[in-house]
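User: Hi, I'm new to reading structures and would like to go through one with you. Could you start with how some of the strands are arranged?
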Amino acid sequence: MSNGTSVKGGGTFRFGLLLLAFPLMLWLFLLVVLPHIDLFLVSMRERISYGKYEFSLINYIEFFSEPLYWNTYVRTAVMSIFATFLTLVIGFPVSYYIAKFMRGKGKNVLFLMCLIPFWVSELVRTFGWMILLRESGVVSNFLQWSGIADGPVEMLYNDATIMVGLVYTSMLFMIVPLVSVLDSLDDSLIEAGYDLGGNGFTVTRDIVIPHAMPGIASGCIVVFMLTLGNYLTPNLLGGKDSLWFTEQIYTQFITRFNWESGSAFGFLLLVLSSLIVWVGLKLSKQTLSETVG
Amino acid sequence: MADLKLDQIHKSYGAVDVLHGIDLDVKDGEFVVFVGPSGCGKSTLLRIIAGLEDITSGDLMIDGDLVNTKSPRDRGIAMVFQSYALYPHMTVYKNMAFGLKLDKQDKAAIDARVREAARILQLDQLLDRRPSELSGGQRQRVAIGRAIVRQPKVFLFDEPLSNLDAALRVQTRLEIAKLHQELKSTIVYVTHDQVEAMTLADKIVVMNGGNVEQVGSPMQLYHHPQTRFVAGFIGSPAMNFTKVSIDKVEPGKVTVSIPGGTPSVLPFDVDQNELGNQVELGIRPEHLSLGDGGELTVHGEVDVVEKLGDSTYLYLKLANGDRVTVRAPGHSRVKIGETVTASVSAGAAHLFSGGGKAFAKVDCPAEYSADE
Ligand SMILES: Nc1ncnc2c1ncn2[C@@H]1O[C@H](COP(=O)(O)OP(=O)(O)OP(=O)(O)O)[C@@H](O)[C@H]1O
Ligand SMILES: [Mg+2]
């Protein structure tokens with residue numbers, strides 16, 4: 001105690017910080033770092049016989065030699081990027097409207113309306129879509145009743161439906177960061193844009209979007225990761241043909257009880273999402289700290 | 001460069017009327033300043049001219065063209081915002097070039113104009129910086145530069161100096177005055193600082209509650225306010241007002257009695273039926289002097305003394321409870337609690353009817369007149 005007095009101020013502060021950060025660190029370590037290390041180790045071994053394992057790359061080799069696996073992998077990535085893009089394109093005008101045209105009470109009401117779907121569980125929400133879209137569902141019945149279609153219409157189990165479900169599920173995670181970043185855009189900056197000879201398009205392109213870039217990036221990252229890792233929506237709305245990579249992981253772990261190749265797939269998904277987020281940040285000239293901060 | 005004409009401009013937000021029929025003529029090259037208390041509609045009127053707000057009814061002409069429905073870009077105006085509205089993600093150069101780029105001008109022309117404006121505003125060294133790396137005064141100059149490069153017909157300024165500290169405000173004020181002489185452009189400028197209004201304007205528009213109270217040169221407003229509101233608004237410290245009753249009305253002469261003072265004859269044309277009415281007498285603090293040398297005297301007890309060095313303000317309490325400010329010389333030795341007499345020549349007085357309208361003064365002495 002006695003020799004600590006000289007650095008007391010700094011020392012106590014740092015200790016306090018450490019103490020505060022400890023639960024977070026523990027959480028990160030136990031639930032994120034540790035499982036991934038284990039995942040990585042498991043993925044690098046081959047089961048020889050009961051309880052006997054050997055180091056091997058066979059799981060990764062299997063992934064690349066089986067077209068179904070890496071086709072699904074690429075398809076999931078492309079569909080997720082497209083879903084993210086679609087969410088952005090739909091979410092941006094909505095967010096702009098909430099942030100810039102609504103005032104006071106109306107703004108809160110609109111914001112809440114975006115939140116309402118999240119009051120029911122994702123499972124129930126997705127079943128809601130199924131009730132609407134299946135062959136004997138509400139939409140199909142309506143089309144037959146009104147005479148637009150003469151037989152039952154199946155709207156489930158195709159890519160468009162998966163897309164609708166994915167966009168719907170992740171919309172809020174796009175709108176929240178966009179509204180907050182657009183809120184911080186001073187109205188006079190937009191007005192100055194018109195005053196300087198801009199029109200709706202140029203003002204959006206040169207002023208609104210550059211300002212909103214951090215929000216766009218953080219919204220896209222969250223939506224992309226959620227979509228890529230989504231299991232329920234593609235599975236329920238897309239059925240057997242959905243070919244979503246998380247389903248492959250599920251199959252390996254649960255159905256085939258092949259933890260080794262499941263781990264390898266899981267690890268590959270992590271690499272994929274990190275890589276795409278990194279490329280996205282580089283392309284939009286954003287940094288992760290800016291986006292999160 | 002152009003003239004500007006406002007004809008019965010009305011503006012309402014929903015059920016709230018903000019402007020009640022504004023008429024105004026601004027000549028080519030004129031520096032016009034809108035002043036008025038907070039919330040009187042100055043910014044709204046400026047934004048209507050800029051095309052940032054719709055006109056509820058009335059006509060707005062710029063350079064002879066009706067521009068009511070034209071978008072800001074087609075009006076040939078450039079606005080300098082109170083918050084500067086510089087783009088944080090662009091350098092000073094890009095900020096200034098932005099309007100020209102939207103105009104699809106070629107690169108060389110843009111460069112020439114930006115550098116010329118930067119030279120005038122002494123921004124040459126700062127062109128590669130971001131707005132966040134500039135001081136308040138420098139940002140202000142960039143905002144002005146961004147307007148200059150577009151060579152607009154009319155410049156619009158909304159309280160451009162209100163975010164600067166006192167010293168910088170004086171300096172920038174001088175720069176704006178110099179700029180106006182150099183560019184000879186039409187400028188409409190909003191402020192609620194009357195010193196800015198007095199020093200910069202060719203023509204001041206005093207607004208109150210969505211109406212124009214009076215339009216005139218700074219000296220006209222100072223010497224010949226048409227309403228009590230203008231009289232109280234222009235001049236610092238504000239004009240003194242006290243209620244007096246009219247005792248006698250003669251052609252070109254009126255006799256009033258001040259509570260606690262002697263009846264005085266003042267040179268005003270007043271209607272006979274005002275006889276016996278209560279009216280308001282206005283006297284500027286700087287026109288009063290200690291002693292009873294003038295035709296109009298007041299007595300009161302000094303309750304506050306403010307020493308400014310070059311002058312001393314004495315705050316007197318009259319017998320009827322009204323307060324009167326007197327500007328005494330800086331070496332004045334008057335103390336709190338003393339009773340003093342101050343007086344003014346009758347020609348310096350202002351007289352306002354119960355409704356706040358000024359009575360016409362006859363034979364105004366040269367030192368209290370705006371006539372050159
Ligand atoms: N968008 C709006 N909706 C409703 N009322 C408004 C709106 N904008 C301004 N007003 C009202 O119009 C009146 C005039 O506002 P304006 O901003 O023109 O005042 P101002 O003279 O510029 O005041 P200040 O000196 O404080 O800037 C105010 O009473 C204000 O409350
Ligand atoms: Mg204003």
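Analyst: In chain B, strand 3 (residues 31-35) and strand 8 pair in the parallel sense, and the pairing runs over four bridges. Please keep in mind as we go that this is a predicted model.

User: Which residue stands opposite B:Val188 in strand 8 of chain B?
Analyst: That is B:Val32, which stands opposite B:Val188.

User: And how many bridges are there between strand 7 and strand 8 of chain B?
Analyst: Strand 7 (residues 154-158) of chain B pairs with strand 8 over five bridges, in the parallel sense, and within chain B the residue B:Asp158 stands opposite B:Val190 of strand 8.

User: Why is strand 8 of chain B largely enclosed by the rest of the structure?
Analyst: Strand 8 covers residues 186-190 of chain B, and five of its five residues are buried, so the strand is largely enclosed by the rest of the structure. Looking at the directions, B:Thr186, B:Val188 and B:Val190 point one way from the strand, while B:Ile187 and B:Tyr189 point the other way, and all are buried.

User: OK, new topic: how many residues of chain A are in contact with chain B?
Analyst: On the chain A side there are 16 residues, and they are in contact with 21 residues of chain B. Together the two chains bury about 1,600 Å² between them, with 61% of that area on carbon and sulfur atoms. Of the area that chain A buries against chain B, 42% is supplied by A:Glu191, A:Asp195 and A:Leu196, which is more than any other three residues supply.

User: What about salt bridges, how many are there between chain A and chain B?
Analyst: The count is one salt bridge, formed by B:Arg47 with A:Glu191, where the closest N and O atoms are 2.6 Å apart. Two elements of chain A give two or more residues to the side that touches chain B, namely helix 8 (187-195) and helix 9 (200-228), and helix 8 gives the most, with seven residues. By class, that side of chain A has six nonpolar, six polar and four charged residues.

User: Last one: where is A:His36 found?
Analyst: A:His36 is found in helix 1 (residues 8-43) of chain A, and A:His36 is partly exposed, with a relative accessible area of 29%. The side chain of A:His36 reaches the backbone oxygen of A:Val32 at 2.9 Å. Leaving aside its neighbours within four places in sequence, A:His36 is in contact with A:Phe267 and A:Leu270.

Technical notes. Residues numbered from 1 in each chain as written. Chains lettered and ligands numbered in written order. Predicted model: local features only at pLDDT ≥ 70, side-chain atom pairs only at ≥ 80, totals over all residues. Heavy atoms only, no water. Contact = heavy atoms within 4.5 Å. Buried area = accessible area lost by both parts, 1.4 Å probe. Salt bridge = Lys/Arg side-chain N within 4 Å of Asp/Glu carboxyl O. Nonpolar A, V, L, I, M, F, W, Y, C, P; charged D, E, K, R; others polar. Buried < 20%, exposed > 50% of the residue type's maximum accessible area, 1.4 Å probe, protein only. Polar contact = N/O pair within 3.5 Å; in protein donor to acceptor, adjacent residues only side chain to side chain. Pairing = 2+ DSSP bridges.
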